[in-house]
Amino acid sequence: MTVIKKAALGLSIVVLAACGGGGGSGGTSAPNPTGGGDTGADPYPAGVNLDGVVAKGIVSGALVEAYGSDGELIGTATTDSEGRYSITVGTYTGAVKLVLKPQEGALVTCDIAECRTASGGDEDADGDGKIEFGERYALDYQLTSVVFVDETATEVNSHITPLTTLVAEKAGITLNQTSISTANTYVKNMLGLDANPSEIEPVDLTKASSVSEQQLRFALLNAALEEVAENGNVAGVLDNLSAAFTLNIIETGALDSLSEGISLVAAAVKQGNQNLTGIEDAAEASQSKLDDVIAQVCGTGTSCSLKIDLTPELNSNLEKAKQLVSTVRRVTIETVDTVNSKLREDSDGYDSENVLTQLDAAEEIMDEEGRDTVMAFSEIAVVLASQVVAVQYEGQNLISDIPSVAEALYDSKNSEDNCAWITWDKATQDACYAEKQADRDAYLSRFVQGTIENSGGNWKVRNAVIDLDGDSSTGSDEVKISLNLALPQFTGDSSTGMGLPDGVNELAVNGTAGLGSTEFTVEDGSKLQLELDSAFNEEDENGPDITSIGLQLQVRLENATRSFSGDMELGARKSVKLEEMGLNKEILYLNPEKLALRGSFSEKTTGNSLEASVVFTVDNAAEFGYFPADYERSDLTSYSYNEADNTLTLVHGEGENKATVRYSLEEGEYGWSYFIRIECLEVIGSANCPVMGGVDFWGIVRSVSGISQEDCWSNYSGYWRSNGTCVYLEGPNLDKDIRLVFSPVYTDYLLGELQAFVPGEGWYAATPDNYWEEYGFYESMIPTTETSGFITSELVQQDLNFNAEGRYVKFTVRMATSGRLSADLPEMDLELVVRRTGYESGDAALDVSWGDDRLRVEYPYTGEDSSRVVLTDGEGTKMELELAEVSSNVKGAIVKDGTTYGVIAEENDVYIVNWIDNTIETLY
């Protein structure tokens, strides 16, 4: 429950009153574009100066920071010897929060009899170990003030004192003209003041000689706040009073203490500054006003709570604000109860109709049997697609038997003979071939039966059976499949080449797959959409110019207890960014763009059903780019051959990331082998040299055809293959040319781990992608006819940081459903939208609506420190929550149409809502 409370609350305290100054330049201050609200001001002034005096007594050498309504720093200053500061904020208009902060050399003049015990940084003039009247101590606390700058202002006075700090705390975290005015009114009424504290210039009680009674009253009260502090803890006094003002409940004793403190301050001033007149009268007047507050607000009780009369409009809006809090309380508590008990079947409160229960159970439709059924359907689809390509595009004859098609497909994908080069040990080579054969047999044993039929562009799979474990004796795991495919209308013919027109081309598909009680159906209307930017012919060298690919399936999946019926959508879009990189045109540069699932989940035993949808979109799919895996570059690895000493030098990488390696030949101890020495000459930045220092060279792999197995072993000591080819090693008679050794057999040893990083692309290895296929067993990558050149490098590890400045994925996730969160709540429509809009920015919004009611929760994200949540009712009422741990116990504000109506404050882990009509309620 504590976590839910923390996440559901936190509001800035502001009690609304009828009037009160905003600390402006005079006149009526209008809303503004920076501080929130409309403005008709025209034009803006050239610049606005904020100035004032900082005192508790006078504070010199301290830092003053000015913050706009959005929390951005808009100006700074340092107080002078008289506590004055001045900050120019340009054309800014709106709420401003001024914060006084300690810094080296910041000193406070003591204006009471004794402020504290002297310590480092203080100025103890008489050296008695105490900071007394007229002496100075190092500032160790903060003071604040809030003011509203309207569009007509050129100069705004805003003084900073303990009294203005109480106002700023009361105004809370949502600063606007109304909240500042309200806070000023409240503090004035609770402390018996006759002006806004920020508007009355403080005086130096230790030096002043002639000032107004009003200034003296304010100065005495400011000083009294330190007089009542224990051990000079001014911050503690202000925190306690702010907390009391937040709850609109202050103990009578606290006001009595302030009144007594005024008397003590007046006595100290009279003794320490005999030039200042009117002290006794000002003290008596100030105490009298406090006594009036106690009599009128506190009565005979021990606590005081200010009463406020509301207009009918304010009363109506207040009721709406309270209704929002009631809704938040009801929905969150009911949801918490549901999570805690009603989702457990063994709980007395279990509710099978609850929307959370149904969402939790919906995944049971995709159990192991369901996954196996869908996977088997996709396997048959792949087999069918191979024949479509072979017949329609490659002109081959149709293979109608599915097991035979699967065999041809497997062999084409596994044609590389990576066992043939194991020539040093026949047993190891035989084991390699045996393992390959076992893998092949296991794959083919799954395809039991089935036929493929073709008539023009219409293709059918009939009576296909996939055996999941490949064991015919366990027939219960056989998936039965049928599949229909209708190709789009092609252009051209076999003589001119087959092709597709530009625009959207559709491939229709439907079929079924069944396993036990599970049935998977792709229904009529399902299709694959291929959008071409231009017409395509199979004779085109660069392949089709695909703009997007979309798979739209209408599916049904059901088992013995549950079923799903709905739409599934997958989409990918051409990346313009990848095209601009000038990459290989034969590659389809498509980025995932959309994944959507919409439909109805049903429970057969209870008849309960749930409509739900999940849609994920990549919002910058067309603009986002990255280098694909296996991408090759022909300009990254250079070689140079030195004929004089028969050495080869490779330089791999570019810019600040390079590795330089030299290869040389050394004759073996007995003269019948060579040793290839590998020397790492230099590594710069993110690059690696080969891991080995050298490689024994036994010869070049050769082959001879048309030879018997006996002759292969006796004449060549080689390995005989069933096709009559003998693979063997030719002795290392190299004519001492090291360029011959860079054949695929030795490349892994010679170039292993020779890699370099290219920013934005990734790690490249100094070998091409399929060098076994390109060079066979025999050919070296370094031609003996060349003394310098380049070899192809392959991207082996992509730089796939999708969360880097200037290179990040923008996305939107939208989930929607409807149902009951609990038996005590009505059926609701729920929609959750999560967006990433920038490198470190995004937002999430949850909408819950029922009947005419609505609750919307918004969470704007601007970085790790984001902690603000906003709840609204859709009619202008909003609750702003501060989730972060802050010094103030105020957590946020409840606002309607720009006016603050209440707060939620945390007191001893209890969240208390304090309304402008001075009623109080706990949130939970």
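Is Phe 742 buried or exposed, and what is its relative accessible area? Phe 742 is buried, at a relative accessible area of 1%. The model behind this value is predicted.

Start with the ring partner of Phe 742. The centres of the Tyr 663 and Phe 742 rings are 5.1 Å apart, and the planes meet at 85 degrees. An angle over 60 counts as edge-to-face, so this pair is edge-to-face. Tyr 663 is buried too, with a relative accessible area of 0%. Now look at where the two residues sit. Tyr 663 belongs to strand 29, residues 657-667. Phe 742 is in the loop between strand 35 (725-730) and helix 15 (744-751). The pair therefore ties together parts that are 79 residues apart in sequence.

A search of the whole structure turns up 9 aromatic pairs, and another one is formed by Phe 757 and Trp 763. Here the ring centres are 5.6 Å apart and the planes are at 55 degrees, so the pair is tilted. Both Phe 757 and Trp 763 are buried. Elsewhere, Tyr 410, Tyr 443 and Phe 447 make up one aromatic cluster.

Rings also meet charges. Arg 633 lies over the face of Tyr 764, 5.8 Å from the ring centre. Arg 116 does likewise with Tyr 137, at 4.0 Å from the ring centre.

Strand 2 meets strand 7, residues 107-109, through 2 bridges in the antiparallel sense.

Next, turn to helix 10. This helix spans residues 368-393 and contains Ser 378. Ser 378 has 30% relative accessibility, so it counts as partly exposed. Ala 513 is 135 residues from Ser 378 in sequence, yet the C-alpha to C-alpha distance is 9.7 Å.

Leu 570, Leu 595 and Phe 616 make a nonpolar patch of about 240 Å². Phe 616 lies in strand 26, residues 609-618. Its relative accessibility is 31%, so Phe 616 counts as partly exposed. Patch residues need over 30% relative accessible area.

Definitions and conventions: Residues are numbered from 1 along each chain as its sequence is written. This is a predicted model: local features need pLDDT of at least 70, side-chain atom pairs count only at pLDDT 80 or more; totals for chains, interfaces and linings use all residues. Side-chain values use heavy atoms; hydrogens and water are left out. Patches are made of residues with over 30% relative accessible area and no salt bridge: like charges are joined within 9 Å, nonpolar side chains (Val, Leu, Ile, Met, Phe, Trp, Tyr) within 5 Å. Accessible areas come from the Shrake-Rupley method with a 1.4 Å probe; for residues, only the protein chains shown count as cover. A salt bridge is a side-chain nitrogen of Lys or Arg within 4 Å of a carboxyl oxygen of Asp or Glu. Helices (H or I, at least four residues) and strands (E, at least two) are DSSP runs, numbered from the N terminus. Buried means under 20% relative accessible area, exposed over 50%, partly exposed in between (1.4 Å probe, protein chains only). Two strands pair if DSSP finds at least two bridges between them. Rings of Phe, Tyr and Trp (its six-membered ring) pair if their centres lie within 6.5 Å; planes under 30 degrees apart count as stacked, over 60 as edge-to-face and the rest as tilted. A charge sits over a ring if NZ of Lys or CZ of Arg is within 6 Å of the ring centre and within 35 degrees of the ring normal.
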